[in-house]
Amino acid sequence: MLEVKETGLQSMLEKAISEAKENHTARMISMTKKVNKTNPLLFIEAGKKLSVDRTFWSSTSENFSIAGIGCAHEINAKSNRMEEAEEAWQKLRDEAIIHNPYKTSGTGLVTMGGMSFDPLMQKTSLWKNFSHLSLTIPEMLLTQSDDNCYLTTNVKVNADDQAAELAQRLNKMERMLLNPSINLPGEVGIEMKQEIDPETWKQTVTYATDYIKQNYAKKIVLARKLFVKLSDEAAVSSVLKKLIEQQPNSYVFAFERNGDCFLGASPERLVKQENDEVLSTCLAGTAPRGKTKEEDDRIAHSLLYDEKNRSEHDFVVKMIRQSMEHYCRAVNVPDKPVIYPLKNLQHLYTPVTAVLNERYSIFDIIERLHPTPALGGVPRDESLAFIREHEQLDRGWYGAPVGWMDSNRNGEFAVAIRSGLIQGDKASLFAGCGIVQDSNPDEEYKETGIKFLPMLSVLGGGNHESH
Ligand SMILES: C=C(O[C@@H]1C=C(C(=O)O)C=C[C@H]1O)C(=O)O
Ligand SMILES: [Mg+2]
C-alpha cells in the first residue's frame, strides 16, 4: 500500500489517474479526514436519497460505529470463499493509495460485509440479493469513535476519469451526507405475523433429539423464521436507532443489497482483532429476564447451574478454545461462564482472549470458527447435514459472520443473530436454539420466541409474544 501525505482530493485523484494511465489498471484511493461530530444515523438517512447500498456497524458498549454509503469496490467470493476474499482484499490493500493520518481503528481503507451461513446451501429467492460472500468498500465512510468523527472517501479511479469532475461529484456527495438538516422517518407497525407451523417445527426438534440420543451428533442448532408484514416500508435509519437504544451490549448492524436490508442487534462476537490481539466469545445457553431484581437473580442463578444449558455452552467453549489454539498463542479461557444480560433474555457467556500468530489473519480465524456450535452443532459436519436436510429454512446471512476490517490489522465480526431481512414493508426474522440430548420441543419453541423480541419490538410489535 502506498501511504501518501497530500491532503487535496483533486491532487490525489490526478496522481491516481496518471498512474492508472501508465499501468493500464484502475487504482483505489482512500482519503481520511476528521469532521465535526455527526450523527451516523442521519448520515445513513441522508444516503437514502442516493439509492445506493448502505452499511452500518455499531458496537453499542464501546461508543463506536461505522456507517458506509455506496460501494467503491465489492469483493465477492464463492467456492473457497475465505481464501478468495483474503486474496482479493490483500491485493486491493497493497495497490491502494491511502492518505490516513489517524491511527483510529475503523478509519481509512475499510471493508464491511458478511456471508451466508452455509455456502453449500442452494440460495432461495428470499436471499437473491445477498451473495455467499460479499465485502464492500463503501464510497463514503463515517467512523465515529468516542467523541471523534472521521470521513473516509474511497474511489476507484480509471485512466479515462477526469480529476476535476470526480472531485466535484465527491465533494457534492460529502456535503449532502453531512447535512444535518434532515430528520429520521417515523415508526412503522406490524400488521400481520406468520411463522412456520409450530407443531412441524417442534417435530423437527424431536427428530434432532432422537438423532442425538442415537449418537449421530451431540448438539444441533435449529432455527425458525417469523414472517412479518409491516404497515409501511421500514426506514433502516429509524430501525437502527431503536436497536441501538434498546439493545446495549450488542452489535447493531445493517447491510443493504439492492434495496433489501439485513439488519439486527447481535450480542455474539465471533472475533475481534486489534493488531495481534484477538478476542472471541462463547455465548450459548438462554433464560428469560425476571420482572423483579429477585426473580432475575433467581433465573440467572439457575441458568448458571442448569445442566442442559451448561452442556449447550460447554460445546461452544471447547470448540472455540481448540480453534483459537490453532492460530494463536496465549489462549485464555475462564473455566466457567458468567451471565450476559440483555434486554429480553440472558445468556451464559465465556470470553476468550489470545494473541494471533504472525502469519495468520482474521480471515483464517473466521474460516476456522464458523459455524461454532452456537449456530451449527457438534460434530460440525453431521449437524450441518442435519440442518440442511431438516430445517425448513434458507438461513441466508442469518447466523453467519458479519463485520468489518481495516487495512491496519483491526476488525471485528459478530454472528448475525437477533436479526431479520427487511424487504420494503415485509420482514423475515430468524431465531434459533441449541438442541442437546435433553431439549424439550416446547421449551425450545418458547426460547426462540423470546429471541424474536429484539427485532419485533423495533418493528412495532414488542409487547406481544411471537405467536
Ligand atoms: C441461534 C441463536 O442464538 C444462539 C443460541 C443460544 C441458545 O440456544 O441458548 C444462545 C445464544 C446463541 O448462541 C439465535 O439467537 O438465533
Ligand atoms: Mg438454548
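This is a predicted model: local features need pLDDT of at least 70, side-chain atom pairs count only at pLDDT 80 or more; totals for chains, interfaces and linings use all residues.
Residues are numbered from 1 along each chain as its sequence is written, and chains are lettered from A and ligands numbered from 1 in the order in which they are written.

**Stop 1: helix α2**

Helices (DSSP runs of H or I, at least four residues) and strands (runs of E, at least two) are numbered from the N terminus. Helix α2 spans residues 40–47, and eight of its eight residues are buried. A residue counts as buried if 20 or more other C-beta atoms lie within 10 Å of its own, as exposed if 12 or fewer do, and as partly exposed in between, with C-beta atoms placed from the backbone. The buried residues of α2 are Pro 40, Leu 41, Leu 42, Phe 43, Ile 44, Glu 45, Ala 46 and Gly 47.

**Stop 2: the two domains**

Now colour the chain by domain: domain 1 is 2–177, and domain 2 is 190–252 + 267–458. These bounds come from an automatic or database domain assignment. The C-alpha centres of domain 1 and domain 2 lie 28 Å apart. Where they touch, 35 residues of domain 1 are in contact with 37 residues of domain 2; contact means that the C-beta atoms of two residues, placed from the backbone, lie within 7 Å. On the domain 1 side, α2, β3, α3 (81–95) and β7 (110–115) each supply at least two residues. The residues of that side divide into 17 nonpolar, twelve polar and six charged. Here Ala, Val, Leu, Ile, Met, Phe, Trp, Tyr, Cys and Pro count as nonpolar, Asp, Glu, Lys and Arg as charged, and the others, Gly among them, as polar.

**Stop 3: the core**

Which residues have the most contacts inside the largest nonpolar core? Select Ile 29, Leu 240 and Phe 253, which hold that place in a core of 137 residues. Domain 1 and domain 2 both give residues to this core, so it lies between them. A nonpolar core is a set of buried Ala, Val, Leu, Ile, Met, Phe, Trp, Tyr and Cys residues joined through C-beta atoms within 7 Å. Stay on Leu 240: leaving aside neighbours within four places in sequence, Leu 240 is in contact with Leu 41, Ile 44, Phe 56, Val 252, Ala 254 and Leu 263.

**Stop 4: two annotated residues**

An unreviewed UniProt entry places the feature "active site" at Lys 219 and Glu 268. UniProt positions are given in the numbering used here, feature names are shortened, and annotations may be inferred rather than shown by experiment. Select Lys 219 in strand β12. Is Lys 219 buried or exposed? With 25 C-beta neighbours inside 10 Å, Lys 219 is buried. Beyond four places in sequence, the residues that Lys 219 touches include Glu 312, Phe 315, Pro 373 and Gly 434.

Glu 268 is in the loop between β14 (260–266) and β15. Glu 268 is also counted as buried, with 24 C-beta neighbours inside 10 Å. Among the contacts of Glu 268, leaving aside neighbours within four places in sequence, are Thr 281, Leu 283, Ala 374 and Ile 417.

**Stop 5: ligand 1**

Next, show the 18 residues that surround ligand 1; the closest are Thr 286, Ala 374, Ile 417, Gly 432 and Gly 434. A residue is near a molecule if its C-beta atom, placed from the backbone, lies within 6 Å of it. β12 (219–230), β16 and β24 (426–436) each supply at least two residues of this shell. The shell divides into nine nonpolar, five polar and four charged residues.

**Stop 6: backbone details**

The bond from His 370 to Pro 371 is cis, with omega near -10°, and Pro 371 is in the loop between α9 (362–369) and β20 (377–378). The bond from Val 378 to Pro 379 is cis, with omega near -15°, and Pro 379 is in the loop between β20 and α10 (380–390).

Finish on Asn 275, in the loop between β15 (269–274) and β16 (277–288). Phi of Asn 275 is near 55°, a positive value in a residue other than glycine. Asn 275 counts as exposed, with 11 C-beta neighbours inside 10 Å.
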